[in-house]
Amino acid sequence: MANTHTKKFRIWFILFCLLFVVAIVCGISMGASSLSITRIVPTILGQGSFKEEFVLFSVRLPRVIILALGGLALAAAGTIFQSVTRNDLADPGVIGVNAGAGVGVTVFYLFANTNLQQYVFMLPAAAFLGALLTVSCIYLFSFEKGQGVQPFKLVLVGVGFATALSGLMVLLMSTAERADVQFISKWLVGNIWGTDWPYLWALLPWFILCLPLLFYKVNVLNILAMKESTAIGLGVNLNKERILLLFLAVALAGSAVAVTGAISFIGLMAPHIAKKLIGPRHQYFLPIALLIGATLLVIADTIGRILLTSATIPAGLIVAFIGAPYFIFLLIRNK
Amino acid sequence: MRLQVEDIRVGYDEQTIVHDISMAIPDGKITTIIGANGCGKSTLLKAITRIINHESGQVVLDGKNIRKMKTKELATQLAILPQSPESAQGLLVEELVSYGRFPYQKGFGNLSAKDKEMIDWALEVTGTKDFRHKAVDALSGGQRQRVWIAMALAQETDIIFLDEPTTYLDMAHQLEVLELLHMLNVQEGRTIVMVLHDLNQAARFSDYILALSHGHLIRAGEPEEVITTEVLKEVFNIDAVIGKDPRTNKPMCLTYDLIKGE
């Protein structure tokens, strides 16, 4: 069925793939020690100088890949949250996943700070557990007997939990050592800190498990985004699928946030822009949303690195700078 | 009869909306539920189609309690068109209709040849083929309703439930929808169960009518048995004059007054 959405999808998909490649190339070559664009391919082929090889393989490449994966995961989680709660304002940050993951990471960090390198594989797990605990609580609190989970209530309770957990973070920080506090506060503003290969290896299994399952569920997501009565009529087992998909979203966002720091708004913006471009069928807008999420985070980080010569501005701040007005725009338009 | 409702009781919180209703839905017929606002007719429809839970009793399809059946399997047996369907959020007509194939799909949701055939047929029969590439929300109310019916048809079920399918439509479009359902019933042998507000439409298009009042089943039978002065008095608290439709020969409420006092 070649309709307008199919055609648009092909065009946008190619366009966003190109944009993504451009973002990756910029992300690799720009920054404090620059690596000229023309030198990237030779360096990959092993013809670069020692410095070029170091910058590419040890500094930029892992960072850019982690950013891309992080942005992709946040966009995926945002898509799931928005479709399952049938609310365009849902986002892993808004709904309390970031806060939950933050508490997980903080507790883990405070216990293991001296040997962090050794435990790096457990970091996504710690964040996941924190986020899962939070989302489970949110789910239970928005559960109404006989009616299941009320999606709108889920968002409201989520916002409440996010605030409460931020308070808990402050409490944890006030009891911690100075160096630890610095790390945690950097994490909170979304300072990409896990920029070495081990962090990438720690992240990868989560993606290998979650992403195929997510694509397997696109059809269910389509139906879940409809009114409840329609979804039941079409034969979706609401509670089972909702729990499974929320679990997926928490695993993706939680593990990503563990490495990238608390980044909001990507999960909000990416699916929303994609939906506006090619309609609400997940087969089409999910791949685009993932590309947008990855591109956005890579670009935000690159901007953060080149804006000031003396320091790096956290990518989370740059994203928030674009995302917050977008969020307000959405709020006004949704009235 | 394939679909039986046995002593079903439905309530919200402490309040009972449907009181122990038992009935059988005749196969291959059009059945209409009528009743005053708040009498529980929509609630009954939702309970039969598992959209809301019932407190006691059971709904039996082919000898099996539908609560024990897998919801996806049940979706291949009965389709539901909810009251005043939602916004399609930018979906195209053929995309929305393709959602009707969900119960037959696995995984990524590529459409099989059979899926495509059913979608084409549903578009054709509902007269929505010409705007299959348009956005659902850009259509008129009557067109949109036919698209939603097409989605239910794509589900390829023998039984179709519709909750007030004519609400918000003008007279011509109301008739268009009812004629479509009539045609599906006669030509395709589909069993149709719906809630209607208009008594004369119910009388004209139904083989079987269920009259509800305050959550109780007052009368069930052919239009001639249900659309009577006596039943309408009990169900709607009106004093109605019943005649015959000069064209269809079906019973018809010619005029009515409210019954004052007791």
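**Helix pairs and the chain contact**

I will begin with a pair of helices in chain A, H5(A) and H8(A), whose crossing is right-handed. Please keep in mind throughout that what you see is a predicted model. Helix H5 of chain A covers residues 97-112 and helix H8 of chain A covers residues 178-188, and the two pack at an angle of about 160° with their axes 11 Å apart. Since angles over 145 degrees count as roughly antiparallel, that angle makes H5(A) roughly antiparallel to H8(A).

Sorted by class, the contact of H5(A) with H8(A) holds seven nonpolar residues, two polar ones and one charged one.

Now to a second pair in chain A, helix H14, which runs over residues 282-307, and helix H15, which runs over residues 315-333. How do the axes of these two helices cross? They come within 8 Å and cross at roughly 115°, and H14(A) and H15(A) are therefore roughly perpendicular to each other. H14(A) passes H15(A) in a right-handed crossing.

In this contact, Leu296(A), Leu297(A), Ala300(A), Asp301(A), Ile303(A) and Gly304(A) of H14(A) meet Ala315(A), Ile318(A) and Val319(A) of H15(A). The residues of the contact between H14(A) and H15(A) comprise seven nonpolar, one polar and one charged.

Let me turn to the place where the chains meet, a contact that takes 24 residues from chain A and 26 residues from chain B. Which elements of chain A give two or more residues to the side that touches chain B? They are helix H1 (4-29), helix H9 (197-216), helix H10 (218-224) and helix H11 (228-233). That side of chain A is made up of nine nonpolar, 13 polar and two charged residues.

As for chain B, an unreviewed UniProt entry places the feature "domain: ABC transporter" at residues 3-239. This span of chain B is 35% helix and 27% strand, and its end C-alpha atoms lie 34 Å apart.

Finally, on confidence, the mean pLDDT of chain B is 92, with 99% of its residues reaching 70 or more, and the model scores ipTM 0.90 and pTM 0.90.

How values were computed:
Residues numbered from 1 in each chain as written. Chains lettered and ligands numbered in written order. Predicted model: local features only at pLDDT ≥ 70, side-chain atom pairs only at ≥ 80, totals over all residues. Axes fitted to C-alpha atoms, helices over the stretch in contact; angles between N-to-C directions. Helix = DSSP H or I, 4+ residues; strand = E, 2+ residues; numbered from the N terminus. Parallel < 35°, antiparallel > 145°, perpendicular 65-115°, else oblique. Left-handed = near helix turned anticlockwise from the far one by under 90°. Contact = placed C-beta atoms within 7 Å. Nonpolar A, V, L, I, M, F, W, Y, C, P; charged D, E, K, R; others polar. UniProt positions renumbered as here; feature names shortened; annotations may be inferred. pLDDT = per-residue confidence, 0-100.
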